[in-house]
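Morning, everyone. Please take a minute with the sequence and the model, and then I'll walk you through a few spots.

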Amino acid sequence: MSSAAPDANPTRLQRLRAGVADPVLRILITAGFVLTLGRGVFLTLTVLYFTLIVGLGAFEVAIVLTVSSAFGAAASVVAGHLSDRYSSRILVVVFQILSAIALTSYVFAENFSTALLLACLYSVTSSAASAVRSAIIARAFEGEVRVNARAVLHTVTNVGIAIGSAAAGVALLFNTPFAFRATMVIAGVVILGSVLPLLRLPERVNASAQPTTVTSDTGTTTAIAPGRSPYRDPRYLALTAFGTLFGLQFGLAEIGMPLWILHHTDAPISMVSLLLIVNTIMVIAFQIRASRGTNDVRHAGNIVAVAGLLMAGACGIYAASGYVSFWFAIVFLLIATLAHSLAEVLGTSGQWGLSFELADQRRAGAYQGVYGLSWPVSAMLSPLIITAAVSNGVLGWAGLTALLLLATFGTWAISRRALRG
């Protein structure tokens, strides 16, 4: 009998160890966990800090978040191009340090102008760091390992943000300007600490120097293409646009679901926290598993289409929860959140796979910078689109469902066209 049988059916622990065997991934996991601890605090306190401590109105807060997201989108593109020309190791460290400084500087926000300036600085530096990290993943790994790395890091992000959000509860408990500012400073210091593991990144995460010409044995000189610009790749631009539309589902969880529960259902407002916890647990439990095989373009497109159908079902059940009694509303919201969460892990896994596989690897930084636009642009659009959707009952939910189906089946069509090409 062969002694290799245990390896043929590895345990969950063995699969986890194999998944993080690469030293680059271990560095990114450590840095990412520390980073998201700080970001979890930041995400929980920002709006409340601007409202309760700085004294901004709801409209001013909306302007701050929208404008800063726009600057972050631009920074993502620029940083992607920079990572194709300069050391990604150095760039990610520099941008991470600057983002920690920008977050810590929130304690100096005294009015709308300073809050807007500091929010833009933080959005620019954090988005730039994120774009460079995506370029590092694109270069350091290949095929299924690359998508698995992205899934592992996304899972770590959810764990870190959950813990950071819980830690932010200390500031909310005291609810004083000092408590808010002290917590912001601590979050900035934590983010600064995330730089330390990144100092150990190897040279292979940098862009390779591409020769401009080669000379054959016969003396013929041939120019080497520097790689296609993502702005001349309509297929990739369309993929980014559809990814932006699908990103509305994050806004649905963070903005739409709380508003719907508060104004349109008989369910208690405490359901908001419960549903967000359910979503976090689902992502942590299934994101890595869902990413398997998404380096295959066909499979990636198929699971994005499945995600679209699940999101359509979730939207329908969310809408129905507004027309039933107390206990039925609670059950409907739980079922909708389960479908929504599963759609999230499938959709994001498939999109990651396509964003890597359909990119020109000679310009990995530029391509990942362009795809990185999908998150900040979606964050800009979400408040308006999601609020309009949940404010218009069944008609609004139908419109949102149509947008999400367009995003997912548009992505599926791109994958099919790529296979034919």
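First, the ground rules. This is a predicted model, so local features need pLDDT of at least 70 and side-chain atom pairs count only at pLDDT 80 or more, while totals for chains, interfaces and linings use all residues. Residues are numbered from 1 along each chain as its sequence is written, and side-chain values use heavy atoms, with hydrogens and water left out.

Start with helix α15, residues 364–371. Helices here are DSSP runs of H or I, at least four residues, numbered from the N terminus. Eight of the eight residues in α15 are buried, so the rest of the structure largely encloses this helix. Buried means under 20% relative accessible area, exposed over 50%, and partly exposed in between, with a 1.4 Å probe and protein chains only. What covers α15? The cover includes α4 (58–85), α6, α7, α10 (234–246), α14 (326–357) and α16 (374–390).

One of the buried residues of α15 is Q368. Q368 is touched by R150, which sits in helix α7. Contact means heavy atoms within 4.5 Å. Leaving out residues up to four places away in sequence, R150 also touches S134, I137, W352 and F356. R150 is buried, yet it has no salt bridge. That would take a side-chain nitrogen of Lys or Arg within 4 Å of a carboxyl oxygen of Asp or Glu. The nearest side chain of opposite charge is E357, 11 Å away. For charge, Lys and Arg count as positive, Asp and Glu as negative; His and the chain ends are not counted.

Now the rings. There are 14 aromatic pairs. Rings of Phe, Tyr and Trp (its six-membered ring) pair if their centres lie within 6.5 Å; planes under 30 degrees apart are stacked, over 60 edge-to-face, the rest tilted. Y49 and F180 have centres 6.3 Å apart and planes at 35°, so they are tilted. Y49 is in α3 (residues 23–54) and F180 in α8 (residues 177–193), 131 residues apart. Ring pairs link both into a cluster with F42, F50, Y106 and Y122.

Last, E142. This residue lies in the loop between α6 (112–140) and α7 (143–174). E142 is exposed, at 66% relative accessibility.

Definitions and conventions
Helix = DSSP H or I, 4+ residues; strand = E, 2+ residues; numbered from the N terminus.
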